[in-house]
Amino acid sequence: MKSNVWKRFVSAGLIGVMAAGLLAGCGGGGDAQTGGGGDTQAAGGSSGGGGVTLTDPGTYPIVEGGELELSMFTMSMPNVEDFATNDFTKFMEEKTGITMSFYTGGRDEWEEKLNMILQGDDYPDIIFGVSPNIAKYGVKEGIFIPLDDYLTEDIVPNYLKTMEEYGLNMTRETDGKIYSLANINDCYHCNYGRKMWVNTYYLDQMGCEIPTTTDEFIDVCKKFLEMKPDGIAVAGADVGWYTRMQDWLLGAYTFIPSKSNTFIVRDCVALDSDTGNVVCVATSDEYKEGLRFINELYQMGAIYDGDFTQTAEQMKTLVNQADEPVLFFPAGTISDAIDSASNNELYRHYECMAPIAGPDGTRIAWTWPGQSVSSGAVCITDKCENVEAALRWVDFFYSETGDLCSQYGAEEGTDWVLNPEGKVGLNGEPALYEVLNTYSAEAQNHDWQDVGIRVAPAAYRLGQAVDPYAPEGLERLLYDASAELYAPYADNTNLKNLDELKVTDEESTDVSTIAVEVEKLIAENSVAFMTGAKDIDAEWDNYLAALENAGLPKLLEVYQTAYDRSQGGE
């Protein structure tokens, strides 16, 4: 491995992921740990909890004289077949001497499954790659243990180096303690993830340009349905990564926030950056007019009924039908709907399009730079008898090549290479690495792509060698679309997504039921207004009254208190 590749990071001051001794790649050293059983150990082999002996800090394997068994809960995804037999899992077992068993829950069910597990007595050692309720299971109940005493250079040097840029305080809970490690995914295109894709092959047949306004969008949909009466002008999915067509369309009227990172509900709560007030966008006149626009599209047959209920996988099936029935579809990445390798012709028929402008010129690109770093990525439970060994196992993911190994496979030269000669990264600088084992949305059992944690600061993401229309060039395609089509419209609103707020368990308990009811009322009434099942003029006031009665003011009050606290207001 060539060590000079990472020196460019250091000299440019771009990334905080390097630490001394991290240049040995996936099979080498670079991590450190201590003995187990809760006592920090000095360098040198030490007795760990669970009757095992740990090796010297910075060496592998972690466990000396036998294997240590640990258990983990993580989210499963359709494109990762089986954690137990996955090549990367086997690599980690051989590297560390630690065997991992898995509890899993799907993308749409993990939270419910994890809560059920934690409410019993048979829960795992590690919670990995999800965002659990730390206020409840950590601060209040003590199931997740405080990690402050374990965050040392001897135990997690890679993590500490990576977090220099962001600071550990962002992971502190309301009691001042740290119960989790952070997820770092400073992904430029993810910051503009709400994208729409259009079939330009059909636009050419109709003699149409990519629409730039709501009127043009309606006109293109009409022409498409005249040309292809059985077609679907606007596809979408209620469950998926930025696949809700209504969220994108409403950007012509107002800013639609993402699902709350605090209460994990879609309550349409945003921050008014001009006033510092927390507001619910779904009660605004602009939101109402946006629903009216979508109802017009629905009444003309442009919107498929399944858009309001189906999953991203079901939308993908529609898009990939042989007769290409879909004109527009939303997705954070085109690869979630079309595989560039197996269906390259269809892949090339679609282009990303910019947000459209509404009647008064409103043209908003959704963005959320604050989502790149979040707490809750890794928690250790009180079941874990060797916290130091568990954290050293995790610390590999924060090492120089840990993310490459977990995401693409662990074999340098086959899955990826560093410092590829003559290649250029997203930022126009010499590429820092090239991925050889390209991403695929299809099921595979070689790596953990899309699951677990990401440790990808901005310079790392921008340093990937790319070719826009090859499978490995997807990152470039998304970067260019974000920079050219979405970034110019990202500052067109004073409304912003609320970053993760730390709430007490009491605050969460006070409004958890309210938050769920508010989400339900917004979802059900919005769909009814969009489809015409409810008359928006006759029923709007009743809808607002229902939100009031459900406790929306109380929910906003808790958000406001937590936000003010985060700003030093109390």
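**Cysteines and the second largest pocket**

In this predicted model, a disulfide ties C187 to C190, with the two sulfurs 2.2 Å apart. A disulfide, for the record, is a covalent bond between the sulfur atoms of two cysteines. The bridge between C187 and C190 is right-handed, with 75° about the S-S bond. Both of its ends are tucked away: C187 is buried, and C190 is buried too. The disulfide count comes to 1.

C352 has a relative accessible area of 11%, and since the cut-off for buried is under 20%, C352 counts as buried. C379 comes out at 0% relative accessibility, so C379 is put in the buried class as well.

Then there is the second largest pocket, which takes up about 490 Å³. Its lining is made up of 24 residues, and those closest to the centre are D499, E500, L501, K502 and S566. As for secondary structure, at least two lining residues come from each of β14 (373–380) and α18 (552–566). The top contributor to the lining of this pocket is α18, which provides 4 residues.

What is the make-up of the lining of the second largest pocket by class? Sorted that way, 9 of its residues are polar, 8 are nonpolar and 7 are charged.

Note on methods. Residues numbered from 1 in each chain as written. Predicted model: local features only at pLDDT ≥ 70, side-chain atom pairs only at ≥ 80, totals over all residues. Heavy atoms only, no water. Disulfide = S-S within 2.5 Å. Buried < 20%, exposed > 50% of the residue type's maximum accessible area, 1.4 Å probe, protein only. 1 Å grid on protein atoms, 1.4 Å probe; cavity = no way out; pocket = protein on both sides within 12 Å on 5 of 7 lines; lining within 4 Å. Points joined across faces, edges and corners; volume = space filled by probe spheres on them. Nonpolar A, V, L, I, M, F, W, Y, C, P; charged D, E, K, R; others polar.
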